[in-house]
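Please have the sequence and the model open as I go.

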Amino acid sequence: MNRSIVINETCNPPTANHQHKKIVRVGNFSKLADTPKLRSAIEFWTELLKDHRPETPFEGPVSFEMTLSYPWLKSEKKANLVKGRIFKCTQPDLDNIEKTVIDVLGKLAFFKNDSQIAIKRTRKIYSNAPGISITLEEMIDDYHIWLPL
């Protein structure tokens with residue numbers, strides 16, 4: 001039987017992501033380090049997700065779905081507000097947010113390795129109801145239906 005975890009939180013999603021790194025010198029070497037903004041975002045995601053951890057990490061392929069609902073901009077057109085939600089086509093970049101969230105999920109042992117994520121779908125929207133929705137599903141029993149014939 002497939003296990004799944006559904007997380008729905010009302011909040012303003014953070015905008016910092018893995019693109020917020022800086023180069024620092026350590027002796028004769030340089031390395032990438034997290035900025036305070038990125039560390040704050042990682043803390044946010046850790047606090048949000050830690051209480052939803054599975055008893056044991058997911059096995060096999062995992063499906064990951066996330067919706068980030070941002071509050072409307074004050075300058076948003078009334079025609080868009082009436083729609084209730086529209087896609088957010090501005091920063092932060094979707095792939096960088098995913099990387100931050102998936103790294104935190106991995107550190108919290110939702111799965112053994114992020115390479116287990118076989119299906120991924122993420123949306124950024126402006127909405128009347130800001131928040132975060134994440135669904136993880138272990139696809140052990142039916143992963144074959146996703147494979148081509």
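F44 counts as partly exposed, because its relative accessibility is 26%, and in this predicted model F44 pairs edge-to-face with W45, with 5.4 Å from centre to centre and 85 degrees between the planes. W45, by contrast, is at 1% relative accessibility and therefore counts as buried.

The search of the whole structure gives two aromatic pairs, and the one still to describe is W72 with Y126, which is stacked at 6.2 Å centre to centre with 20 degrees between the planes. Because W72 sits in the loop between β4 and α2 while Y126 belongs to strand β6, this pair ties together parts that are 54 residues apart in sequence. Both W72 and Y126 are buried.

One charge also belongs with the rings: K88 lies over the face of Y70, at 5.0 Å from the ring centre.

Turning to the charged pairs, seven salt bridges are found in the whole structure, and among them is the one between K120 and E98, at 3.1 Å from N to O. Since K120 is in strand β6 and E98 in helix α3, that bridge joins parts 22 residues apart in sequence; K120 is partly exposed at 47%, whereas E98, at 9%, counts as buried.

Methods: Residues are numbered from 1 along each chain as its sequence is written. This is a predicted model: local features need pLDDT of at least 70, side-chain atom pairs count only at pLDDT 80 or more; totals for chains, interfaces and linings use all residues. Side-chain values use heavy atoms; hydrogens and water are left out. Rings of Phe, Tyr and Trp (its six-membered ring) pair if their centres lie within 6.5 Å; planes under 30 degrees apart count as stacked, over 60 as edge-to-face and the rest as tilted. Buried means under 20% relative accessible area, exposed over 50%, partly exposed in between (1.4 Å probe, protein chains only). Helices (H or I, at least four residues) and strands (E, at least two) are DSSP runs, numbered from the N terminus. A charge sits over a ring if NZ of Lys or CZ of Arg is within 6 Å of the ring centre and within 35 degrees of the ring normal. A salt bridge is a side-chain nitrogen of Lys or Arg within 4 Å of a carboxyl oxygen of Asp or Glu.
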